[in-house]
2 protein chains.
Amino acid sequence: MLDVCLLGTGGMMPLPGRWLTSLLTRFNGSSLLIDCGEGTQIAMKEQGHTFKAIDTICFTHFHADHISGLPGILLAMANSERTEPLVLIGPKGLERVVSGLRVIAPELPFPVQCIELKDREQVIERKGYRITAFRVQHNMVCYGYSLEILRAGKFDAERAKAAGIPLKYWNPLQKGNVIEAEDGRMFTPDMVLGGARKGLKVTYCTDSRPVSQISAHASGSDLFICEGMYGEPDKEEKAREHKHMTMYEAAHLAAAADPQPQELWLTHYSPSMVYPKQYMDEVRKIFPGALAGKDGRKVELNFQDEES
Amino acid sequence: MLDVCLLGTGGMMPLPGRWLTSLLTRFNGSSLLIDCGEGTQIAMKEQGHTFKAIDTICFTHFHADHISGLPGILLAMANSERTEPLVLIGPKGLERVVSGLRVIAPELPFPVQCIELKDREQVIERKGYRITAFRVQHNMVCYGYSLEILRAGKFDAERAKAAGIPLKYWNPLQKGNVIEAEDGRMFTPDMVLGGARKGLKVTYCTDSRPVSQISAHASGSDLFICEGMYGEPDKEEKAREHKHMTMYEAAHLAAAADPQPQELWLTHYSPSMVYPKQYMDEVRKIFPGALAGKDGRKVELNFQDEES
């Protein structure tokens, strides 16, 4: 089960009643945050989330509205008595930006490790998440992220028996361990497991022009969260100029993905957009599974045969 | 007229429904901010204040809850199309802290000038405010601030006439200018003005043990805003240990000032304090003019003979 909460939906600046865009996911006791602007820690408290469980923070890019809340959240985590290392993932320069901001959070009871993305596409495995960062097109280096929870095949007792694997190795093999038996025989998980089953996938992208890589990564997602900065038809030129995208462009990206994502949530609204829902009828003509994201919108994604 | 607004009342960390402690004053079109934590810009928006008019930001010290909102507010000011210089005032090290935080706000359309406080007491005149910074006692270097609007004496036409000052110089002299007449005679404002009249004074202090300098500076204030981190009688030891003060200690500081301030607002509440008002009966036994500050509490201070 992957728990997903869109903490905020604002772009550029936090507003009364609208937090900056940020995503929190929880899987198997490990929380992951994408972006952390001014006020994200308050949004987390409003939703009842704890700071201690955050193992990973991914940053799309270094505009202030996506990272200005970092010192505050580090201190909130310190206050929660976390001692486990925290991993930060983001574009080249992450180390420099984090060290600048930590001028007001220099001492923490946990180590902070920065992973700077070097490639146009990069995969990082952490705490059960398979994180794929992919370059998008903004006015500074910016990445989208796909978060996947992979799922191994079903345990097949008949195959295990047929291969003559002693019963005591069945459980460790099912958990993915490779076993060397006392008699020197080697047993591998694929000897007892069927083909991989469908996992869970969430794709997140803000601050970009609508480029094809986004559709490619959104494909097969249970949930695709995407910037929809503007809804007014006459703002397309502005979106192009500032390297953002409109709600309609986001919907076209979802529609072009193959297979299409199950659902699309729009976010990162311009401060000038008062009521995002008013544009959704038009947006849904392009992609029927589109929803206007709102602060605190959440969903629990379950494996296909898992109880919800 | 000096407009005073306590934007937030929280200490340590922002909470849902409680912004971090920060003060905004407005005088003659010029806004001054004391401290700027995460979310202060949202608190300002809630109160309908504009960013463009902020000419001065004073920092008490560099704990994150007092300065983490700086990059966000600088960008909000940039968005308001300000081009006038901004002055930041704070303890030694200000330049280094500001430059660290500006890693995410590097380009601004206005110059930022830092004034680092060197003395235990230091006076800075700016935009009609007389700002007195005074060292207090925290676990890092920390200052309190008195903001004064001084008021010259009343214009005395009889004295101007008696001194033979031509009519055309009366107005510039009243405004404080020194005049050299065509015939070489010098006229100074004191030749046409009576004795200085009572001005306005607001004193602000958070994050300190209750030291006597605070009373000394609070004396004669129209409003004294002071930390009251704890109200529970058993938290006095904790206050002492972390170099904070209780509501009762703040009230004693107000009572000890000579002359006493007109009013005391408490602020910078511990996140553990849910309902500050519950302690006020006890606090008012020490200083009857005490009020529990709350987010957005405001007052308009007027000169004695000025219409409110």
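**A two-chain model, from its annotated site to its interface**

For "binding site", UniProt lists Asp65(A), His66(A), Asp207(A) and His268(A) in an unreviewed entry. These positions are spread over 204 residues of sequence yet cluster in space, with a largest C-alpha distance of 10.8 Å. UniProt positions follow the numbering used here, feature names are shortened, and annotations may be inferred rather than shown by experiment. The model is predicted: local features need pLDDT of at least 70, side-chain atom pairs count only at pLDDT 80 or more, and totals for chains, interfaces and linings use all residues. Residues are numbered from 1 along each chain as its sequence is written, while chains are lettered from A and ligands numbered from 1 in the order in which they are written.

Asp65(A) lies in helix 2 (residues 64-67) of chain A; helices (H or I, at least four residues) and strands (E, at least two) are DSSP runs numbered from the N terminus. Asp65(A) counts as buried because it has 27 C-beta neighbours inside 10 Å. The cut-offs are 20 or more other C-beta atoms within 10 Å for buried, 12 or fewer for exposed, and partly exposed in between, with C-beta atoms placed from the backbone. Beyond residues up to four places away in sequence, Asp65(A) touches Gly11(A), Met12(A), Met13(A), Leu20(A) and Gly37(A); a contact requires C-beta atoms, placed from the backbone, to lie within 7 Å.

Asp207(A) sits in the loop between strand 12 (197-205) and helix 7 (212-218) of chain A. Asp207(A) is buried, with 27 other C-beta atoms within 10 Å. Leaving aside neighbours within four places in sequence, the contacts of Asp207(A) include His61(A), His63(A), His138(A), His244(A) and His268(A).

Chain A is assigned domain 1 (2-152 + 196-301) and domain 2 (153-195), with bounds from an automatic or database domain assignment. The C-alpha centres of the two domains lie 39 Å apart.

Helix 9 (residues 247-256) of chain A is mostly covered, seven of its ten residues being buried. These buried residues pack against helix 7, strand 13 (223-227), strand 14, helix 10 and strand 15 (290-292) of chain A. One of them is Ala254(A). In the largest nonpolar core, of 162 residues, Ala254(A), Leu264(A), Ala254(B) and Leu264(B) touch the most other members; such a core is a set of buried Ala, Val, Leu, Ile, Met, Phe, Trp, Tyr and Cys residues joined through C-beta atoms within 7 Å. Tyr275(A), in the loop between strand 14 (264-267) and helix 10 (280-286) of chain A, is exposed, with 9 other C-beta atoms within 10 Å. The C-alpha atoms of Tyr275(A) and Ala254(A) are separated by 22 Å.

The contact between the chains takes 26 residues from chain A and 26 residues from chain B. On the side of chain A, helix 1 (40-46), helix 2, helix 3 (70-79) and helix 4 (94-101) give two or more residues each. 100% of the interface residues of chain A are also interface residues in chain B, so the copies meet through the same surface.

A rotation of 180 degrees with 0.0 Å of shift along its axis superposes chain A on chain B (RMSD 0.1 Å). The two copies are therefore related as by a two-fold rotation axis. The superposition is by least squares on the C-alpha atoms of residues with pLDDT of at least 70 in both. In chain A, the C-alpha nearest the axis belongs to Gly100(A), 2.1 Å from it.

Notes
Contact = placed C-beta atoms within 7 Å.
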